[in-house]
Amino acid sequence: MRKSKGAGAGQMMLAGFEPQPEQAERDDLFFALQPPADVIPAIMAAARALHIEYRLSGRMQRTDRLHVSLWGVKIAADQSDVLATDAVRVAAQIRRTAVDLSFERALSFAGRKPPGAVSPVVLRGECGNAGAANLGAALAAAMGRPSAAVATPHLTLAYDAQVVPEHAIEPIGWSAHEFVLIRNRVGSGCPYEILGRWPLCD
């Protein structure tokens, strides 16, 4: 045993069990498209079907968190207000028409994950949903962070260690007439914070 530098008088700490420094709070800040209320039942039905067919046991995405990301960054919580202000300014200058979305494939974004690691279970479009990708690229360029654009627009349904092979599903789609800026206080369990909404004109 050895005495920890942070221990009080008479306190001893086992080597290797010293208190770990607290991790800095982090926010996710991202532009996204949200599904309309009348499409959400079809999305959740697809999620439930995948859970049954592939015996998924992980966390399903809550209905209030369903979205298609366009651009996003992870940032220290004490710095997100500044970036959010810039993002609001940039979004107000974007002029785009409505974005048509169609999702015909389900799969896990597993990559080279080790066995047992959790990965997102998503829906994606066969044709890539170019409208969403182009909007994300425009936002990324305007933000000066082109690498933060989402190359493959997708809709996350769940997070699970079970890998779902890519396969066709009954198509789900809608026309997005607005995009939003969302802040997620990571680990807080709080609902997404919508920082702004901007129209996509027809």
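Biologist: In which helix is Ile40 found?

Modeller: Ile40 belongs to helix H1, residues 40–53 (helices are DSSP runs of H or I with at least four residues, strands runs of E with at least two, numbered from the N terminus). This is a predicted model, where local features need pLDDT of at least 70, side-chain atom pairs count only at pLDDT 80 or more, and totals for chains, interfaces and linings use all residues. Residues are numbered from 1 along each chain as its sequence is written, and side-chain values use heavy atoms, with hydrogens and water left out.

Biologist: Why is Ile40 called buried?

Modeller: Its relative accessible area is 19%, and buried means under 20%, exposed over 50%, partly exposed in between (1.4 Å probe, protein chains only). Ile40 is therefore buried.

Biologist: What makes Arg26 and Asp28 a salt bridge?

Modeller: Their closest N and O atoms are 2.6 Å apart; the rule asks for a side-chain nitrogen of Lys or Arg within 4 Å of a carboxyl oxygen of Asp or Glu. Arg26, at 31% relative accessible area, is partly exposed, whereas Asp28, at 14%, is buried.

Biologist: Why do Arg105 and Glu126 tie together separate parts of the sequence?

Modeller: Their side chains meet in a salt bridge at 3.9 Å, N to O. Arg105 lies in strand S4 (99–108) and Glu126 in the loop between strand S5 and helix H3, so the pair joins parts 21 residues apart in sequence. Glu126 has a relative accessible area of 52%, so Glu126 counts as exposed.

Biologist: Which residues are linked with Arg185 in a network of salt bridges?

Modeller: Asp27, Asp81, Arg183 and Glu193. Arg185 and Glu193 pair with closest N and O atoms 3.9 Å apart.
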